[in-house]
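The structure is shown first.

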Amino acid sequence: MDLENKVKKMGLGHEEGFGAPCLKCKEKCEGFELHYWRKICRNCKCGQEEHDIPSSSEEDRKVGKLFEDTKYTTLIAKLKNDGIPLYKRNVMILTSPVPYKKSVTIDTVTYEWAPPVQNQTLAKQYMQMLPKEKQPVAGSEGAQYRKKQLAKQLPAHDQDPSKCHELSPSEVRHMEQFVKKYKKEALGVGDVKLPGDVEVRAPDEKNLKNGGGRGTSSTVGTMEKSPDRKASQYSCYHCKLSMKEGDPAVYAERAGYDKLWHPGCFVCGTCGELLVDMIYFWKNGNLYCGRHYCDSERPRCAGCDELIFSNEYTLAEGQNWHLKHFCCFDCDCVLAGITYITVNDKPVCKSCYMKNHAAICQGCHNAIDPEVQRVSYNNFNWHAKRECFLCSCCSKCLIGQKFISMEGMLFCSVACKEKMMS
């Protein structure tokens, strides 16, 4: 299969994936080219989210598939042509008159996502309680943040076997069972309500016996009327601070309606990031984003970023790897049984290290082998040899001696420095 067809198989068409510059390192990458099994750009090694690749429709399809066969089908619609579930994001447009000199102009703010509540005032309050840089206003830093979090927190390859690389029939079957299980037991979407407007749902006895932590279809239990309480009598499950009068709160049904969060506190317990579109996974008394919930259940390959469903995999550098994915980050050669060096937590074969990453000796101007001794000073490096670490004026060996350094040059004395500079 050629690269273009592989890209399409992974869910990115040639016209979508190629040509988009990297937002993180524009000087290094002029266009995105998807690696054939890693979820990164072949040119700059950055992720797809840094290239602004996934379109809104692509993300809406991904979230729509996540909600398929769940109680959240009201948040999706089926496309007429192929029946693909599409996420129905609640886009909110606010308009307000703004005085300008002698006339009045209309100021319009569009939120690319807003909580699906009927009360727009409540939705607006929710948005204003989020950090400014995380409010998904169209064209803003917050909109870009939301898009990146959709890619990071809800990887398509965590729920759809067709987005994974070369799964065996057995692995596909295990993955489908895993996805079905977390949709039934952990997946949820937050509710935005005013404290006191919620009917408290008492956890049932079965859930209490299980520790009240694992979200299941029976977690919710029976309904009880909430006693009259002021907002200040409610405290956030995350920060433990009291709610302010009139401020909305976020509830998570799987956690039980006796718990609530400030909008800005509805975050993943592992990465601490705002749960994108209030999509959460509940486990053992904690909220998780999709990525970190899956990480708590299955090993994840550090090479391809996919969950591992095979019985055999390897552990190296404190991370899990598919057997065939423990490879050099630069040339993809398999590293089993050969010398490698870690660069920015990525394994690199010795050949690529010497070519692309090795320090350069200021004396002989050759790459320094990682297994030989070297001298480093002020970001400059030398082989720890007589012929390299020497005075730039008189060539005296400086190993074990005092020296003066200036712009990568070494001197054994002030006299030699002045003689060289004159």
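## Nonpolar cores

In this predicted model, the largest nonpolar core is made up of 54 residues. Phe67, Trp261, Phe266 and Phe281 are the residues with the most contacts inside that core. Trp261, with its neighbours within four places in sequence left aside, is in contact with Cys236, Tyr237, His238, Met243, Ala249, Val250, Ala252, Ala255, Phe266, Trp282 and Leu287. Another core lies apart from the largest one and has 14 residues, among them Phe326, Leu335, Val343 and Cys349.

In soluble globular proteins, nonpolar side chains tend to be buried together.

## Overall make-up

The protein has 422 residues, and buried residues make up 43% of them. Its secondary structure consists of ten helices and 19 strands. Of the contacts with a separation of 6 or more, 45% are between residues 24 or more positions apart.

## Cavities

Rolling a probe the size of a water molecule over the atoms shows where empty space is left. Four cavities of 30 Å³ or more are present in the structure. The largest cavity holds about 110 Å³ of space. Its lining has 13 residues, of which Lys134, Arg146, Leu274, Val276 and Asp277 are the closest to the centre.

By class, nine of the lining residues are nonpolar, one is polar and three are charged. Helix H5, residues 141-153, gives the most to this lining, with three residues.

## Arg291

Arg291 is part of helix H8, which spans residues 290-297. Is this arginine buried or exposed? Its relative accessibility is 17%, so Arg291 counts as buried, the cut-off being under 20%.

The side chains of Arg291 and Asp305 are joined by a polar contact of 2.9 Å. Beyond its neighbours within four places in sequence, Arg291 is in contact with Lys152, Gln153, Pro155, Asp158, Arg300 and Asp305.

## Positive phi angles

Most residues other than glycine have a negative phi. Asp332 is not a glycine, yet has a positive phi of about 70°. Asp332 sits in the loop between strand E13 (319-321) and strand E14 (340-343). With a relative accessibility of 21%, Asp332 counts as partly exposed.

Asn344, also not a glycine, has a positive phi of about 55°. The loop that holds Asn344 runs between E14 and strand E15 (346-349). Asn344 is exposed because its relative accessible area is 71%, where exposed means over 50%.

Methods: Residues are numbered from 1 along each chain as its sequence is written. This is a predicted model: local features need pLDDT of at least 70, side-chain atom pairs count only at pLDDT 80 or more; totals for chains, interfaces and linings use all residues. Side-chain values use heavy atoms; hydrogens and water are left out. On a 1 Å grid over the protein atoms alone, a cavity is a set of points where a 1.4 Å probe fits but cannot get out, and a pocket is an open set with protein on both sides within 12 Å along at least five of seven lines; lining residues have an atom within 4 Å of a point. Grid points are joined across faces, edges and corners, and a volume is the space filled by probe spheres set on the points. Helices (H or I, at least four residues) and strands (E, at least two) are DSSP runs, numbered from the N terminus. Ala, Val, Leu, Ile, Met, Phe, Trp, Tyr, Cys and Pro count as nonpolar, Asp, Glu, Lys and Arg as charged, and the others, Gly among them, as polar. A nonpolar core is a set of buried Ala, Val, Leu, Ile, Met, Phe, Trp, Tyr and Cys residues joined through side-chain atoms within 4.5 Å. Buried means under 20% relative accessible area, exposed over 50%, partly exposed in between (1.4 Å probe, protein chains only). Contact means heavy atoms within 4.5 Å. A polar contact is a pair of N or O atoms within 3.5 Å; within protein, one must be able to donate a hydrogen and the other to accept it, and residues adjacent in sequence count only if both atoms are side-chain atoms.
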